[in-house]
Amino acid sequence: MRNPAATAGGAPLPAAVRNPATEADEPSAPRRTHADYTGGVYGSMLAASVIVGAGTLGDFPRLELMLLLLLTGVVFWIAHVHAQLFGARLARHPPDRAVVGRVCREEWTIVKAAVPPAVAVGVGPVLGLDVQGGQWFALSVAVAGQVGWSVAAARQAGAPGRLLVLSALVNLALGLVILASKLWLKH
């Protein structure tokens, strides 16, 4: 039985519109063979936002900010897994162990995206950075990650070169908005 949400007038919808967690239940559904890097874009933006929010509250100890970044990534990963597994799927039938594992792996890039900014906070003292300097360094790493993940996602989707550049520029602009918000909130 075909997923009615996976077609529009008989034509398949783009991958971004389909629900891969629901389609995985169908024997004829295509399976993703590569990691989905869009979670990395989201996770990097989330990490940048956490850094900005933490920076506005005062100087957090480095360890606390590192844990905040990683734990926020894990909580949002769980939320995304839950949404993928229990959105449309629960109405039809409960997911099996293989589907749960696959969805957990596919959404893991959200957590992976939080690791480089957390590491940046941790290596700040080695680079001679105070807590605020470490936050700026981590924020820069998060924005760079956001741009990198977006290019990886566009490349995986088979986007032509001009769309790779456009994806990078849009995500850089979004990252700069986050950077500007840190400046604005601090003054």
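Reply:
**S167 and its setting**

S167 is found in helix α8, which comprises residues 161-186. Helices (H or I, at least four residues) and strands (E, at least two) are DSSP runs, numbered from the N terminus. The model is a predicted one, in which local features need pLDDT of at least 70 and side-chain atom pairs count only at pLDDT 80 or more, while totals for chains, interfaces and linings use all residues. Residues are numbered from 1 along each chain as its sequence is written, and side-chain values use heavy atoms, with hydrogens and water left out.

Is S167 buried or exposed? The relative accessible area of S167 is 16%, so the residue counts as buried (under 20%; exposed is over 50%, and partly exposed is in between, with a 1.4 Å probe and protein chains only). When neighbours within four places in sequence are set aside, S167 is in contact (heavy atoms within 4.5 Å) with S150, V151 and A154.

Elsewhere, the structure holds two aromatic pairs. Rings of Phe, Tyr and Trp (its six-membered ring) pair if their centres lie within 6.5 Å; planes under 30 degrees apart count as stacked, over 60 as edge-to-face and the rest as tilted.

Because W77 lies in helix α3 and W108 in the loop between α5 (97-107) and α6 (109-123), the pair ties together parts that are 31 residues apart in sequence. W77 is buried, with a relative accessible area of 17%, whereas W108 is partly exposed at 35%.

For the chain as a whole, the secondary structure comprises eight helices and two strands, and the elements run β-β-α-α-α-α-α-α-α-α from the N terminus on. Of the 187 residues, 37% are buried. Among contacts between residues at least 6 apart in sequence, 72% join residues at least 24 apart. The accessible surface (Shrake-Rupley method, 1.4 Å probe) comes to about 10200 Å², and carbon and sulfur atoms account for 70% of that area.
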